[in-house]
Amino acid sequence: MLSWLPFAAMPPTVKIFTTLQNYYLILGGAASVIVIGYMVFQIAKNRERPGRQTPAYHHEEGEWGNWKGVLMLLCVTGSVLAFVEYQTFASANLVAIPDPPSALLVGVTGQQYSWSFTYPNGYTDFQNMTVPVDSIVILNITSRDVTHGLYIPELDVAKDAQPGVYSELWFNATQTGVYTIQCRQLCGVGHALMLSKLVVESVAQYNAWYAKLPVAPPAKGGA
Amino acid sequence: MNYKTPVAVWLYMIVTTIGEVFVFYSAKPDAFSITIAIGVIAMINSLVAALFLMNIRKEPPVIQYLMLAPLALIMVLILTMLFAFAQ
Amino acid sequence: MNAWLSRWLYTTNHKDVGLLYIAGSMYFGFIGAILILLVRVELAIPVCAAGVSGMCWPSATQTFLSAASFNQAVTLHGLIMILWFLSPLAIGLANYFLPLQIGASDLALPRVNAFGYWLWLFGGIIATLGFFMPGGNTAGGWTAYSPLSSSQFSPGAGPTLAFAGLIMLATSITVGSVNILLTVAVSRGPGITWRKIPMFSWFMLFTIIAMLFSFPSLLAALLILISDRVLGTMYFSASAGGSILWDDLFWFFGHPEVYVVLLPAFGLIAEIFPVFSGRPLAEKNIILICTGAIVIPLSYMVWSHHMFLTGVTLSEDEAFSVATILISLPFDIITLAFIKTLTRSSIRLTAPMVFCIGSIFLFIIGGVTGVFLSSFVLDVVYNNTYFVVGHFHYVMVGAAIFGLIAGLYYYIPKMTGKMYHEKMANWHFITSFIGFNVLYFPMFFLYDMPRRIYTYQSLPSWNTLNLISTVGAFIFAASQILLLANIIYVWRGGKISPPNPWGATTPEWVPVITGASHGAAAATGSMPGAEGGEHHGHLSSRPIWLAGGIGLSLLGLALMVYSWGLAVFIAGLAVDGLAIIGWMYEDLHEKFHMPEEVTESWPFSAIPKMRLGMWIFLSTDVIVFGAILGAYLYIRSFTPNWPIPGSVHEIPLGLANTIVLLTSGLTAFLALESVKEGKQRNMIMWLCATFVLGATFLGIKGAEWYNLYFAKGFTWNSSIAGSTYYFTVGLHAAHVTVGLVLMVYLIRKAMMGGYTKENHAGVENFALYWAFVDIVWIFVFPLFYLL
C-alpha cells in the first residue's frame, strides 16, 4: 500500500482499497469501542462489592423477551452492515476487469518457485515484469503445478494462480519504480522465496525496452 | 400381507429404469434432453423409493425435515460448484 | 488385566469418556503449542540481507527451522489445535455434563461413544506419526489445498498418514454426532422438555447439527484425496478445476467447522454469565433462535468467502459476501444479549466469569475483523495474510479457548469435588489475556505479510511486529502453566468444595429428578467410579479393539509403499472383523445391557431410538454421496473428451444389475412386512433372498470391473472418467458389502428366534439402510452408464 502518498497520487487500485478500508475501519473500530466500552462499564458498575445493594431484578420479559428491542438492534446493525456492504459492491471495480483497447495484457504463470511473465509479442521474462507507468495492465494468471497466489502489495492487487484455470487482475501503476511481487498461497518449501519484481518505467523507456525484446515463437496456450 | 403395493412399486421401478435405457438408445445424441429426461426419472424414482420402501410417509414430520435438510444443502453445494465459472 | 486399566480402556460411561477426551485434548494441545512456539521463534527475526542491521538468520538456508519443517509445523499446528484440541475439549465437557443436564443416564449408544473416542485418539496418534516418515508429515497447510496435497507434490507416507488420521477423526465425529443427537432427542429425563434444556446442552445440540452435515463433506473430500494418493485416481489432480473442487468440498465443511469450535464456548458463557450475574440470561429464546439460524442454514451458505480469490465469478463472490454479512447479524444479537445479561446484575468476578468476559471481549474484535474479511474487495489485500491469522485466532483462541477454560474452572468442583485455587486462576487470566493480545493484535498490522512463509526479508514494520508477536506467544504459552499448576493443585489436595459452590440452578448442580437414575447429579462432585461401581456392567472391549483395528488397517494402507504395509493392513482388517463379531456377539447374547428408563422424547416419541439413529446416520450419508456425485458432475463439466455414453460400459449388464438390486429392495421390504405379521420363517426366506440378490449384484459388478479393467484397459488411474466411475461405484459397493454383513447378523439372530412381531427393530433399520443403498444406485446408474 503506497499509503504514504497523498490520496490523489495513489494508483487507482490503492485508492479504491484505501477508501473502502477506511469505511470499515472507522465503523468497525467505533462499533468495537462502543460495545466493549459499554460492557466494561456495566461490569465495573455492577460488580459485587461490600456495601453494594443487589438491584432488584424485575423479570419483565415475556416469552420472547424484548423482541422489539432486538428488532430495533437488528435494524441498526443491519443498516451499518448494509452500508459497508454497499460500499464493497461500489468498490467492485477493484476486481472487475476493465476492458480498454489500450490495456497491456501480460500472461503470468506461477510455478514452484518462480513467476514468469509473457508479453503480447510472445517473449517470456523469467525474472521480472516490466510495465509502463500510467497504463492499465491486465494480468492473465495461471499455474504450471500447484496453486500459487500472485500478490503485489504496493498496488493492493492479488489473485490466486490455479492450474488449469485462468484468472485475471488489473492494475495501473501511477509511479515509476520497483515493486515487489510475492507468492501468497502456500505452494511448497520455496513458497517464502517466490519473489519477483515489478518494474514500472516511463512510457518511452518501456517502449524502448519492448522493441528490443527477442520475439519468441507464440507461446503455447496454457500452462 | 399386502403384496400388491410393494410389487406394484417394484414393477414401476423396473419399467421406468428400462424406460431410461430406452430413452438413451433411441434419442439422438442430444445430451441435454436425455439428461433432463433421465434426471427427472431418477428423482421421481428415488422419491417413490423413499415414500414406499422407506415408508417415510409414516414417520413423524421431524424425520421428513431431517432428510430434507441435507438434500437442500447438497443442492446448494452442487449448484455453486457447477456455476463457479459460468460465463 | 488390572481393574484400573480395564476401567479406563473398556469404559463406556459418559463421565469417564468425557475425562478421557479432556485429558487427550490437553495432550494434543500441548503438542500443537510446541509446534507453534517453534514457528514463532523462527519468525521472530528476519533473514539477513545486505545492509540489514539487527538480529537476523544468517541466510535462507540457515534459519532456525528449515522451510520443510516450518511448513509441517504450521500445518500440524492447525490440524491438531482445531480437530484434536478445541473440539474434543468441548466434546469432553459435553460428554460429562450434557447427560447430567438433561437427566439422561448416559449417552444413547454408550459403546459407540467409547468407539468414537478411541477412533479420535488413534487418529491423532496416526496423524502425528507422519512426522517420523521419510519426507515428514503433511506440509500444505491444514487446509490441504489441492494439488499440493497430491502424491505428486506431497509424496511419501507422512501426508497419507495425516489424512488417514483425519478420516478416523471425521468418522469419530459423525458417530458422535448421531449419538448426542439421539440422546437429546429421546433420552431426556422425565420432565426435561425442550424448554427446560439448559443452555450448554442447547449449544452442544446446535454444535452437533453443525457437525452433522459438514463433516461428511470433509470425509468425502478426504476419501477422494486418499484414493488419489494411494490408488492414483485423478479427481484433484485433474488440471481443469480440480483445485477448486477441493476448495468447495473442504470449505463446505470448513465454514460450519468454525462454528463447531465456537458454539460450545458460547454455550458455556450462556451458563456462566447468569450464574455470576445473579440474574437470568437475557433474551434466552432469541439467543436460541439466532444460534439455530446460524447453524442451519446460514453457516452452510457462506463457505465461498474462503475462495474469494480463486477465480470464481464475481457473482459468486458477491452472493457469498452478502451471505457472510447476513450471518454476522445473529452473532451481533447473541453478543449483545450476553452483554445485556451483565446489566441490572450483581457480578461476581470469579475465574469462570472473568474468562467468559475475556472471551466476549476478544470475540468482538475477532468478529469485527471478520466483517472486514467478508468484503470480497478488502479480501484482495487481506486474503492469506496475517490479518486473517489474527482474525481467526481472536475467534478460535480468544473467544473459544477463553470460554472453554471458563468451563473447565466452572466444572472442576463438579468433576473433582474440590475447589481450584482462585488467585492462581486470576493470574492465569491476566497473563493469558495480556499474552494473547501481545501475540495476536500486531498481526492485524501485518496485513501485507503473507502467511505460511518460513522467513521474510527484513522490513522495519515487519521485524518489530513479528518480534512482539513472538514475545506474546511465549507469555501466552507460559501462562498456561498456571492452569496446569491449578489442576495439579486440585488433584493433590485442594479444598473440598460444597456440592453447588456457585449457586447454580441447572440440573447438573441441583438434581431435579427424584429417585435419580444413576447418571444424574445425585453423585456430588466425586470422581466417577468412586460412586460405587455403578457402571461395571457397562465395560466393553469392543470399541477400543474396533478403533484399533481401523487405525491399523489405515496405517497399513498408508504404508503400502513398504512391503510390510500389506501385512499391517490385513492384520488391521482381521482385528476389525473380530471386533465387529465380538460386538454383535455382545448384542446377540445381551451381554451389554443398559437399563430401560422413562424418558421425554417428544417429538420423537413414536419412533424407536435405533430407527431414529438410522435416519440421522442416513442423513449424513446423503451428504457424503451428494458431495461425491457433485464432484463427478463438476469434474465432468470441466473435462473435455469424456467417453461417449455407451462406449465403455455394457449397458444391458448394468441394467440387469440395477434390476437385481431393485428386486433386492423389494425382498428386503417383504422381509420386514413378514416379521410385522409374525411370520418369522418367511422373513428369513426373504432376507436370504435379499442376501443372494445383493451378492449377485456384487458378483455382476465384479465381472463388469474385470472386463473393464482387463479387456478395455479402463481403470481408475487411466482416465478421469475411470477415476470417478470406480470411486463412486466402489463406495456404493462398499455400502452393499456392509449391508451383506448386516444381513448375516440379522439372519443369524432371526434363526435364534430374535425377531418377533413386536420386536424387530433390527430388520426395520436394515430395510431403511438397504432402501437408501437402492436410492443411491438409482442415481448412480444413469449418471455413470447412460450419460
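## Two interfaces, worked through

Chain C and chain B bury about 4800 Å² between them, with 83% of it on carbon and sulfur atoms. Buried area is the accessible area (1.4 Å probe) that two parts lose on being put together, summed over both. This is a predicted model: local features need pLDDT of at least 70, side-chain atom pairs count only at pLDDT 80 or more, and totals for chains, interfaces and linings use all residues. Residues are numbered from 1 along each chain as its sequence is written, chains are lettered from A and ligands numbered from 1 in the order in which they are written, and side-chain values use heavy atoms, with hydrogens and water left out.

**Exercise 1.** Describe the side of chain C that touches chain B.

*Solution.* 
1. Count the contacts (heavy atoms within 4.5 Å). 61 residues of chain C touch 48 residues of chain B.
2. Look for salt bridges (side-chain nitrogen of Lys or Arg within 4 Å of a carboxyl oxygen of Asp or Glu). The count is one. Arg611(C) pairs with Glu59(B) at 2.8 Å, N to O.

**Exercise 2.** Describe how domain 1 of chain A meets domain 2 of chain A.

*Solution.* 
1. Domain 1 is 7–46 + 64–95, and domain 2 is 104–211.
2. Take the centres over C-alpha atoms: 34 Å separate them.
3. Count again: 10 residues of domain 1 are in contact with nine of domain 2.
4. Get the area: about 790 Å² is buried, and carbon and sulfur atoms give 56%.
5. Check salt bridges between the two domains: zero.

Definitions and conventions: Domain bounds come from an automatic or database domain assignment. Ala, Val, Leu, Ile, Met, Phe, Trp, Tyr, Cys and Pro count as nonpolar, Asp, Glu, Lys and Arg as charged, and the others, Gly among them, as polar.
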